[in-house]
Amino acid sequence: MLVAVIVKHRDIGYCQGMNFLVSVLLHMMNYDEGATIMLFDYLLVSKDMQRIFESGLERLQELTAMLDKLIEAFVPDVHYKFAEDFGV
C-alpha cells in the first residue's frame, strides 16, 4: 500500500513512520486496503500531513512542541512524569 502512495507522491517518498500510520488507518478501515490508501492520500494532501514527512522533519518538531505544551497545560502530572522519567 505504501508503494502506491509513494509512487503518487514522489516528492515525499517513503519516510520512517509512514508504515505505523498506515497500519493504524488500515485497522480503522477494517482492513480495506483501497479505502486506507485513499484516506492516507487525503490526509497527506487535504490535511497537509505531507509537511510532517518533509526533509528535516521541521513540521513534526513543531507539532510535537505543540503537543508538549498541551499536555503540560491540561495534564501537568503526565508532563512532569515524562520530564522526570524520560527527560522529555
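Q: Which helix is Thr36 found in?
A: Thr36 is found in helix 3 (residues 33-46); helices are DSSP runs of H or I with at least four residues, numbered from the N terminus. This is a predicted model, in which local features need pLDDT of at least 70, side-chain atom pairs count only at pLDDT 80 or more, and totals for chains, interfaces and linings use all residues. Residues are numbered from 1 along each chain as its sequence is written, and side-chain values use heavy atoms, with hydrogens and water left out.

Q: Is Thr36 buried or exposed?
A: Thr36 is buried, at a relative accessible area of 1% (buried is under 20%, exposed over 50%, partly exposed in between, with a 1.4 Å probe and protein chains only).

Q: And what does Thr36 touch?
A: Leaving aside residues up to four places away in sequence, Thr36 touches Met1, Val22, Leu25, Leu26 and Met29, where contact means heavy atoms within 4.5 Å.

Q: New topic: how many aromatic pairs are there?
A: The count is 1 aromatic pair, taking rings of Phe, Tyr and Trp (its six-membered ring) with centres within 6.5 Å; planes under 30 degrees apart are stacked, over 60 edge-to-face and the rest tilted. The rings of Phe82 and Phe86 have centres 5.9 Å apart and planes at 55°, so this pair is tilted.

Q: Where do Phe82 and Phe86 sit in helix 5?
A: They are 4 residues apart in helix 5 (residues 76-86), and thus separated by about one helical turn. Phe82 is partly exposed, with a relative accessible area of 38%, while Phe86 is exposed, with 59%.

How values were computed: Helix = DSSP H or I, 4+ residues; strand = E, 2+ residues; numbered from the N terminus.
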